[in-house]
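This briefing describes one protein model, beginning with a single helix and moving on to the sheet, selected residues and the overall fold. Please consult the sequence and the structure alongside the text.

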Amino acid sequence: MSSTYLTLYKMIVLYMLKRCQMPLSKSQIYDFILEKEYTNFLTLQEVFSELASSGLITEKTMANRTYLELTEDGAKTLEFFGNRVNPAVRDQIDEYLKANNMKLINETSIKGDYRKVADNDYEVRMIATDGNQVLMDLTMSVPTEETAQSILDKWQNRNQEIYSYLVKELM
């Protein structure tokens, strides 16, 4: 793969992160780039790896999802080299982010994860954020991995209901 193309794909990822102004998951970026057929999955893996190792993005993994966030160095790099992204591609990114705004916000503002802490003891963590503000950060212990996964599935699907219920009951 030509380094020119890799640089272009890196700038596309950095541009997406800058325009969205919140962490995006790798799968959200894959959805856009692969749908537009700019490149393939393996090349994107290389792009993410190089961006992270050079400190232009940070990666945080929660519940089998890896979220990417633009670093200060990444923003500076985009300022210098962002003009390599074709204006038509920038427009496509902007349109995609605008059309999928609520979906992207929901997917990135509702997080959850679990981990095994002892035999027959799993810790489940559920987080709801609004931008950089944490609305809820709840951790609970459960006896099985299946229970932990079930709780996370329900959290992803019914988070607004659950959050509203907790607020109502605790006030």
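Glu 72, Glu 79 and Phe 80 are exposed on one side of helix α4, where exposed means over 50% relative accessible area, buried under 20% and partly exposed in between, with a 1.4 Å probe and protein chains only. The model is a predicted one, in which local features need pLDDT of at least 70 and side-chain atom pairs count only at pLDDT 80 or more, while totals for chains, interfaces and linings use all residues. Residues are numbered from 1 along each chain as its sequence is written, and side-chain values use heavy atoms, with hydrogens and water left out.

**Helix α4**

- Helix α4 comprises residues 72-81, and its buried residues are Gly 74, Ala 75, Thr 77 and Leu 78.
- These buried residues line one face of the helix, because they fall within an arc of 160° when seen down the axis of α4; the arc is that of the directions from the helix axis to the C-beta atoms.
- An α-helix has 3.6 residues a turn, so residues three or four places apart point the same way.
- The cover over the buried residues of α4 includes α1 (3-20) and β3 (65-70).

**The three-stranded sheet**

- An open sheet is formed by 3 strands in the order β1-β3-β2, with antiparallel pairing; two strands pair if DSSP finds at least two bridges between them.
- The edge strands, each pairing on one side only, are β1 (24-25) and β2 (57-62).
- Strands β1 and β3 run antiparallel and are joined by 2 bridges.
- Leu 24 stands opposite Leu 68, a residue of β3.

**Positive phi angles in loops**

- Glu 37 is not a glycine, yet its phi is positive, at about 60°.
- The loop between α2 (26-35) and α3 (41-53) holds Glu 37, which is exposed at a relative accessible area of 68%.
- Asn 120, also a residue other than glycine, has a positive phi near 55°.
- Asn 120 lies in the loop between β4 (110-118) and β5 (121-130) and is exposed, with a relative accessible area of 63%.

**Surroundings of Leu 135**

- Leu 135 belongs to strand β6 (residues 133-142) and counts as partly exposed at 37% relative accessibility.
- Neighbours within four places in sequence aside, Leu 135 is in contact with Ala 128, Thr 129, Asp 130 and Tyr 163; contact means heavy atoms within 4.5 Å.
- Leu 135 and Ser 109 are 26 residues apart along the chain, and their C-alpha atoms are separated by 9.6 Å.

**Overall fold and surface**

- The protein has 7 helices and 6 strands, which are DSSP runs numbered from the N terminus (helices H or I, at least four residues; strands E, at least two).
- From the N terminus on, the order of elements is α-β-α-α-β-β-α-α-α-β-β-β-α.
- The C-alpha trace spans about 50 × 35 × 30 Å along its principal axes.
- Of the 171 residues, 37% count as buried.
- Among contacts with a separation of 6 or more, 53% are between residues 24 or more positions apart.
- The accessible surface is about 10,500 Å², and 48% of it belongs to carbon and sulfur atoms; the areas come from the Shrake-Rupley method with a 1.4 Å probe, and for residues only the protein chains shown count as cover.
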